[in-house]
Amino acid sequence: MTLINDVKTLISKNIRDYGMYIALFVIFLIFTILTDGLFISSRNISNLLDSAGYIAVLAVGVMLVIVIRHIDLSIGFLAGFLGAIAAILLMQHGLPVYIVIPVILLLGTIAGLFTGFLVAKVGIPAFVATLAGWLIYRGAILQVTEKSGTIIVQNDAFNAIGNGYIPSIMQISGLHLLSLLIGVLGIVFYNFSAISNRRNKIKYNFQVVSKQIFILQLVFVSAIIAAITWILAGYNGFSWTVVIILLVVLVYHFLTTKTVLGRHIYAVGSNPEAAHLSGIDVNKITFIVFGSMGLLSALSGILFTSRLQAATTTAGTLFELDAIAAAYVGGVSAAGGVGKVTGAIIGAIVMASLTSGMNLLGVGISYQYMIKGGVLALAVIFDVMTRRKGN
């Protein structure tokens, strides 16, 4: 009974962190039952994660933008525009992939830094500055695709980013061996980092959960990683899109939780004036966060174009709204200062799961928009209620 009470207390105190995981579990359970198991099939889960890739990386970036109390509406068409530039460089100028990708990522970063300049130095509200960017990049994508229309990308290496899978060493009972090994490594890495983190907290007299709860957490997360690995290994294994998402999560989770930069970002988001008075360069943080947003927009554009194997005139449409919705569903606070990288990824998967499940059930697109809008509204209401409770 003590363990159960500890679990209840832990969930109650951290409902903001655990709420999205509970919601994702409920969504998976409902759609699995309603589709007679089709939703949880290896093929569907693999397609679901791949289709969520370009929104997931955008959600990570926009989560940080919202954490510092700004917004970026330009990211959708920036992603679409840079995806079109990548297609042009590949197909019309014949540049190799290993040149095109760094160039696109650099262009995205420069575009993000310019937005950061307008917000931090010129003092233009982020909503207005990025709305201008939305219009400019919308016009730019129409301009570069005006003559050719849709640009078909016939480059196997580039298209593999959005459609390919990691190589298979060999198959064991129909399972992708390399994916299984990566899953095992992921479990070992998670357990090692969690134990190391707990030891450091104990060393510096920080509060930690009981040993029983800690072991339960390790078993639970390890089981989730094992289940996802098993499901994906039953199809074609980990796709390159999933590998890129995992790399983005690792890098940004490290930056936001283990570095001074991460602490400064949350300090600026919690109280910009107090952060400034304590010596934090708020403008520099704004630059970095918007530059990061531009970089991830470029990555999103690459993922989308490679998955579609083409650049279209409508690429990027509503990407920004999907990413913002994913960030809020993932637990970022509208008041700033609160949000996690893992939460943004889970939020993107929640939204993609809703789309996938409703498509399998044959739900009309009009109802899909209304249902996803309702989920977003519930996420924001949940944020407001938990903040009131915290106060």
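**A tour of two domains**

Begin by colouring domain 1 (3-164 + 239-389) and domain 2 (168-238), the parts into which the protein is divided; the bounds come from an automatic or database domain assignment. The structure is a predicted model, in which local features need pLDDT of at least 70 and side-chain atom pairs count only at pLDDT 80 or more, while totals for chains, interfaces and linings use all residues. Residues are numbered from 1 along each chain as its sequence is written, and side-chain values use heavy atoms, with hydrogens and water left out.

Then select the contact (heavy atoms within 4.5 Å), to which domain 1 gives 18 residues and domain 2 gives 14 residues.

Now display the surface between the domains. About 1,300 Å² is buried between domain 1 and domain 2, with 73% of this area from carbon and sulfur atoms; buried area is the accessible area (1.4 Å probe) that two parts lose on being put together, summed over both.

Helix H1 (2-13), helix H3 (42-67) and helix H10 (240-258) each supply at least two residues to the side that touches domain 2; helices (H or I, at least four residues) and strands (E, at least two) are DSSP runs, numbered from the N terminus.

Finally, show the whole protein as a cartoon: 16 helices and four strands can be traced. Along the principal axes, the C-alpha atoms of the protein fill a box of roughly 70 × 60 × 40 Å.
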